[in-house]
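Here is a walk through one protein model. Keep the structure open as you read.

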Amino acid sequence: MHNSNVKLTSSEIACIWTSYMNNSMSVCILSHMKKHIEDSEIKAIVDLALTISIKQMDHLATIFKKDTYEKPYGFSKNDVNLEAPGLFTDTFCLFYINHMAKAGLLAFSGFLSMSVREDIIEIFTNGLADTSRLFEKSTSLLINKGVIVRSPYILVPKTKDYVDSNSYLSGFHFFHKKRPLNSIEISHLFMNTQTNNIGSKISLAFAQTSANKDVQQFMMQGKEIAQKHIKIFMNILLEENLQSPMSADIAITDSTIPTFSDKLMMFHMSLLSAAGIGNYSTAAGASQRSDLAINYERLSLEIAQYAKGGADLMIKNSWLEQPPGMIDRSILVENKNSKFN
């Protein structure tokens, strides 16, 4: 590694902190999944995902030590009950890892683009490569097991054309029906249907295993929001005579034994909320029909309000770890003045 004596930038500090938090959470969840999975092929995928997360944490630990950077608390074996019964079906675990690999590809590419120091670039480049491999292997296994969920099919275009009317951008027209969805709009509606489906199952799993009534209520609210959004997106597709397929076996078990700490589960929900807002923002920007963009903006606000409630609950219970920030200079001045008074 070269230039590793250069000080970390604020962006690199943020990326390292975020990556460590995310991977420490993943280690807990994947460790529990690995212990209870019966399918040997899926277990191999879980083991690969776990190895990648541990490897990432080890590399980040070297940076923390070298730069005398106080690493975050994150999550540890105290945040998972490995003796608790299995919480997710084998198939759900495979879908979950495939979904989180997609999120990881976005995260690592973002971390990489915000890094300058060569040792940090190397860590995130390797993380991106490992996650790409995990996505490829998990997708291949979903295909082999016949449970892959594909987006709706449309006819392959035989011609090309330009938009010839402003009505193309309008989803609200009084004189004629809305134009058909284009392939870009369909892809985002499909993706957001699938991510909400996974989110609703995770919310339900966390609700049934938490002993905290506030957490239970928060998780059930998340499930209801996810199911509401699924219906909205599916109805839009159905209006176009497109069926959005769902997996036949994305399920959780009937276990009610506490499996993960409330702190970990609330953190996981904050990640899903942030990812959901990001997905909706991307979809709104890519959708050229105005009714779709307005829908995404409205639903994003609902998720933001939900996330705010989660943050308030985490603060109340001292579960929300503070990201690295700047020194408050006004406090330094006040402390200095108090010494002379």
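Start with Phe 88, which counts as buried because its relative accessibility is 10%. The cut-offs are these: buried is under 20% relative accessible area, exposed is over 50%, and partly exposed is in between, with a 1.4 Å probe and protein chains only. Phe 92 is buried too, at 0% relative accessible area.

A note on origin: this is a predicted model, where local features need pLDDT of at least 70 and side-chain atom pairs count only at pLDDT 80 or more, while totals for chains, interfaces and linings use all residues. Residues are numbered from 1 along each chain as its sequence is written, and side-chain values use heavy atoms, with hydrogens and water left out.

Now the aromatic rings. The whole structure holds 13 aromatic pairs. Phe 88 and Phe 92 make a stacked pair, because their ring centres lie 4.8 Å apart and their planes meet at 20°. The rule covers rings of Phe, Tyr and Trp (its six-membered ring) with centres within 6.5 Å; planes under 30 degrees apart count as stacked, over 60 as edge-to-face and the rest as tilted.

Phe 206 and Phe 260 pair edge-to-face, with 6.3 Å from centre to centre and 75° between the planes. This pair links distant parts of the chain. Phe 206 belongs to helix α5 (residues 183-209), and Phe 260 to the loop between α6 (213-239) and α7 (262-286), 54 residues apart. Helices (H or I, at least four residues) are DSSP runs, numbered from the N terminus. Both Phe 206 and Phe 260 are buried.

Elsewhere, Tyr 20, Phe 64 and Tyr 69 form one aromatic cluster. Phe 75 has a charge over its ring: the charged end of Lys 263 sits 5.1 Å from the ring centre. That calls for NZ of Lys or CZ of Arg within 6 Å of the ring centre and within 35 degrees of the ring normal.

Next, the backbone. Which residues other than glycine have a positive phi? Thr 68 does, with phi near 45°. Thr 68 lies in the loop between α2 (40-66) and α3 (90-113), and is exposed at 72% relative accessible area. Ser 318 has phi near 60°. Ser 318 sits in the loop between α8 (290-316) and α9 (329-339), and counts as exposed at 67% relative accessibility.

Key:
Helix = DSSP H or I, 4+ residues; strand = E, 2+ residues; numbered from the N terminus.
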